[in-house]
Amino acid sequence: MRLEEGPFDLLVSDLAMPDGDGRELYRQLRHRYPALAKRLVVLTGDVLGTVPADLPEFDRDALLEKPIAPAALREVVRRRLAE
């Protein structure tokens, strides 16, 4: 995992990836890097009910539906970094 290479302030990930799954990434972050799990922003093309059902503890405010407006991404990044 690249997270072992150094500290990260924020992580932006897609929910669906070719070699993995954003849900599992979040679970691993909660287990191994709990502070970074609170600074995860997830992008998805299918926001209707996917994350709340699978990850009820995930902050829905950190979930952005594609296509993403640049202002919305800046705002969620600003909020995540402020926490």
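Is R80 buried or exposed? At 5% relative accessibility, R80 counts as buried, and point 4 comes back to this residue. A few notes for anyone opening this structure for the first time follow.

1. What you are looking at. This is a predicted model, where local features need pLDDT of at least 70, side-chain atom pairs count only at pLDDT 80 or more, and totals for chains, interfaces and linings use all residues. Residues are numbered from 1 along each chain as its sequence is written, and side-chain values use heavy atoms, with hydrogens and water left out.

2. The pLDDT (the predictor's confidence in each residue, from 0 to 100) averages 84 over the protein chain, and 90% of the residues score at least 70. Confidence is highest in helix α4 (residues 70-82), at a mean of 94, and lowest in helix α3 (residues 50-54), at 61. Where pLDDT is low, the predicted coordinates should not be read in detail. Helices (H or I, at least four residues) and strands (E, at least two) are DSSP runs, numbered from the N terminus.

3. The main core. A nonpolar core here is a set of buried Ala, Val, Leu, Ile, Met, Phe, Trp, Tyr and Cys residues joined through side-chain atoms within 4.5 Å. "Buried" means under 20% relative accessible area, "exposed" over 50%, and "partly exposed" in between (1.4 Å probe, protein chains only). The largest nonpolar core has 14 residues, and L11, Y26, L29, L36, L40, V42 and F58 have the most contacts inside it. Two or more residues each come from α1, α2 (34-37) and β4, with α1 giving the most, 3 residues. Apart from this core lies another, of 5 residues, including V41, L43, L64 and V77.

4. Salt bridges around R80. A salt bridge is a side-chain nitrogen of Lys or Arg within 4 Å of a carboxyl oxygen of Asp or Glu, and the structure holds 7 of them. R80 pairs with E83, the closest N and O atoms being 2.9 Å apart. While R80 is buried at 5% relative accessibility, E83 counts as exposed at 53%. D59 joins R80 and E83 in a network of salt bridges.

5. A link across the sequence. E4 forms a salt bridge with R32, and their closest N and O atoms are 2.4 Å apart. E4 lies in the segment before β1 (11-14) and R32 in helix α1 (residues 22-32), so the pair ties together parts that are 28 residues apart in sequence. E4 counts as exposed at 52% relative accessibility, and R32 as partly exposed at 37%.

6. The buried residues of α1 are G22, R23, L25, Y26 and L29. They cover an arc of only 160° around the axis (taken from the directions from the helix axis to the C-beta atoms), which puts them on the same side of α1.

7. T44 lies in strand β4 (residues 40-44) and counts as buried, at 4% relative accessibility. Leaving aside residues up to four places away in sequence, T44 touches D14, L15, L63, L64, E65 and K66, where contact means heavy atoms within 4.5 Å.
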